[in-house]
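I am opening my notebook to write down what I look up in this structure, one topic at a time.

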Amino acid sequence: MSVHRIFIGYDPRQPLAYNVAQFSIAQRASEPVSISPLMIRQLPLTRTGLTAFTFSRFLVPWLCDYEGWALFMDCDVIVLGDITELFALADDRYDVMVVKNPRYFEWPSVALFNCPRCRTLTPEFVEDPANVPLDLKTWIDEERIGDLPETWNHLVGYDPPREGVRLAHFTQGAPFWPEVEGCEFELEWFRDHRRMNHVEPWASIMAKSVHAANAGGRRVANLQLPDGGRAAEADRQGVSAVPRIPTPIFDPELSRHSPSPRYRELIALYREMHEMGMPDQGRSPEQTFDGASLGTHAARIKTLVDAHHTETLLDYGAGKANSYDNIPIKALDGEVFQGLRQYWGIEDITLYDPAYAPYDAVPEGRFDGVICTDVLEHCPEQDMGWIVDELFGYANKFLFASVACFAAKKTLPTGENCHITIKVPEWWTAVFRAAARNYPDVRWTLALGVPTPRVDAANEVQAIFVDG
């Protein structure tokens with residue numbers, strides 16, 4: 001069995017695109033593949049265009065010593081089919097095979113080279129500015145350019161939707177950019193991005209290996225530190241190793257208008273869950289992210305509402321917001337209200353949830369109070385800086401947020417735990433205190449859910465409240 005040789009254009013400005021492209025190939029290939037990035041700094045070439053690989057693609061036959069067949073593709077693609085099927089289309093009557101779509105300049109974006117027939121493509125030929133290899137007909141007779149099925153280079157945003165797409169080409173930009181949000185095959189791209197970054201917990205891989213040691217009843221890495229090792233010291237003390245509290249430092253380039261790819265990936269997933277529910281876990285669409293958990297904090301929020309004479313309120317991450325009008329609320333004195341709107345006595349309540357179409361409009365202005373419950377632990381860690389800052393920015397008087405500091409019992413359709421960011425209370429407190437420095441007039445309360453320490457209450461949760 002031969003190994004199929006594949007070259008992907010590498011753009012140092014968007015390495016993420018290359019990584020998802022190569023992952024999508026490897027995950028669906030039924031035969032061995034060899035995937036190489038075309039990095040301009042590694043090649044005898046200086047000529048570039050819109051991307052670093054505009055011309056380097058034509059060195060593929062030379063890199064293969066002009067032997068056999070080899071495939072080139074741009075990096076902003078996702079391969080949805082078995083790449084072996086594409087190599088099976090190789091026809092020795094042709095020197096190169098492409099999808100002949102109406103946009104001629106896109107023909108070589110996916111090109112199957114018959115390397116022995118492409119000896120014209122030397123480094124010297126490609127480097128020479130007098131040559132225009134992107135126009136295939138300048139170095140090859142037209143009848144020697146073979147046709148590939150259009151499904152093997154579907155141009156997202158240009159080609160009309162079609163069945164059976166095997167390779168989707170985001171020629172206007174891969175989905176991690178907000179400018180192409182909502183494009184065709186966005187969800188498929190983010191699914192592969194998620195799978196590419198997936199890793200099983202350390203314990204499931206290493207706990208039974210020679211690299212682990214016992215520490216206070218659990219398995220940890222047997223780190224050989226100068227003081228004898230963390231695990232060894234924990235064994236001597238008879239206590240668990242003390243977790244480190246990471247300093248909450250976030251990428252300043254991330255923002256509402258430029259969130260991380262992981263954020264956009266999760267929003268797309270949550271949008272799908274709102275529509276489809278969680279059938280594998282017995283939850284209908286109506287029960288998924290229904291907002292019912294907000295009732296847990298109703299009384300404490302009521303205290304804040306009254307204390308700050310609240311007339312306007314923003315629920316950030318409201319889900320389907322069923323608690324406001326559809327779920328009866330029993331007050332501490334026993335009185336029953338028809339929902340939180342009546343209980344809190346506020347008519348002007350703005351509901352916002354980026355993954356639920358009825359409430360996905362980004363709020364404008366500021367509000368007396370902002371609440372954010374059962375939301376932040378479902379967001380990616382790298383975006384927490386701008387998200388928490390945005391919460392404070394919407395508040396005129398007070399902010400109330402609740403966060404679970406433990407793994408959820410349920411999982412996402414991807415197999416991941418529903419709680420994406422699991423941090424100790426000290427970490428969350430540091431994040432809020434850092435953001436609060438820019439909003440000295442906003443009072444804030446953070447409700448941190450942690451497991452009850454009692455052995456006989458392993459499934460119970462208690463709240464730690466931090467005020468600022």
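**Entry 1: a salt bridge within a helix**

Does E265 count as buried or exposed? Before answering, I note that the model I am reading is a predicted one. I find that E265 has 1% relative accessibility, and it therefore counts as buried, since the cut-off for that word is under 20%. Its partner is R262, and the closest N and O atoms of this salt bridge are 3.3 Å apart. I looked up R262 as well, and with a relative accessible area of 15% R262 is also buried. Both residues belong to helix α8, which covers residues 261-276, and because they are three residues apart there, about one helical turn separates them.

**Entry 2: a network of salt bridges**

I next noted that salt bridges with shared partners join D95, R117, D141 and R144 into one network. How many salt bridges does a search of the whole structure find? The search gives 23. One of them is formed by the side chains of D95 and R117, with an N to O distance of 2.8 Å in another pair, D11 and R13, and of 2.9 Å in D95 and R117 themselves. The D95 and R117 pair links distant parts of the chain, as the two residues are 22 residues apart. I place D95 in the loop between α3 (83-87) and β5 (96-98), and R117 in the loop between β6 (110-114) and α4 (123-127). D95 counts as buried at 1% relative accessibility, whereas R117 is partly exposed, with a relative accessible area of 36%.

I then went back to D11 and R13, whose side chains also meet in a salt bridge. Here D11 is buried, with a relative accessible area of 2%, while R13 is exposed, with a relative accessible area of 60%.

**Entry 3: the nonpolar cores**

I had read that in soluble globular proteins nonpolar side chains tend to be buried together, and I wanted to look for this here. The largest nonpolar core has 65 residues, and those with the most contacts inside it are L71, M73, I83, F113, L136 and W139. Which residues does I83 touch, once its neighbours within four places in sequence are left aside? I83 is in contact with I6, I25, A29, V33, L71, M73 and W152.

**Entry 4: a sheet of three strands**

In what order do the strands of the three-stranded open sheet stand? The order is β4-β9-β8, and the pairing is mixed. The strands β4 (77-79) and β8 (154-155) stand at the edges, and because each has a single partner strand, one side of each is left without a neighbour in the sheet. Looking at β4 and β9 (residues 167-169), I see that they run antiparallel and are joined by three bridges. I78 stands opposite A168 in β9.

**Entry 5: two positive phi angles**

I reminded myself that most residues other than glycine have a negative phi. D65 has a positive phi of about 55 degrees although it is not a glycine, and for Y66, likewise not a glycine, phi is positive at about 55 degrees. D65 lies in the loop between α2 (60-63) and β3 (69-73), and Y66 has its place in the loop between α2 and β3. At 55% relative accessibility D65 counts as exposed, but Y66, at 12%, counts as buried.

**Entry 6: the cysteines**

How many disulfides does a search of the whole structure find? The search finds zero. For C183, the nearest cysteine sulfur is that of C75, 14 Å away. For C379, the nearest cysteine sulfur is that of C372, at 7.1 Å, and a disulfide would need the two sulfur atoms within 2.5 Å. C379 counts as buried, at 11% relative accessibility.

Terms used. Residues are numbered from 1 along each chain as its sequence is written. This is a predicted model: local features need pLDDT of at least 70, side-chain atom pairs count only at pLDDT 80 or more; totals for chains, interfaces and linings use all residues. Side-chain values use heavy atoms; hydrogens and water are left out. Buried means under 20% relative accessible area, exposed over 50%, partly exposed in between (1.4 Å probe, protein chains only). A nonpolar core is a set of buried Ala, Val, Leu, Ile, Met, Phe, Trp, Tyr and Cys residues joined through side-chain atoms within 4.5 Å. Contact means heavy atoms within 4.5 Å. A salt bridge is a side-chain nitrogen of Lys or Arg within 4 Å of a carboxyl oxygen of Asp or Glu. Helices (H or I, at least four residues) and strands (E, at least two) are DSSP runs, numbered from the N terminus. Two strands pair if DSSP finds at least two bridges between them.
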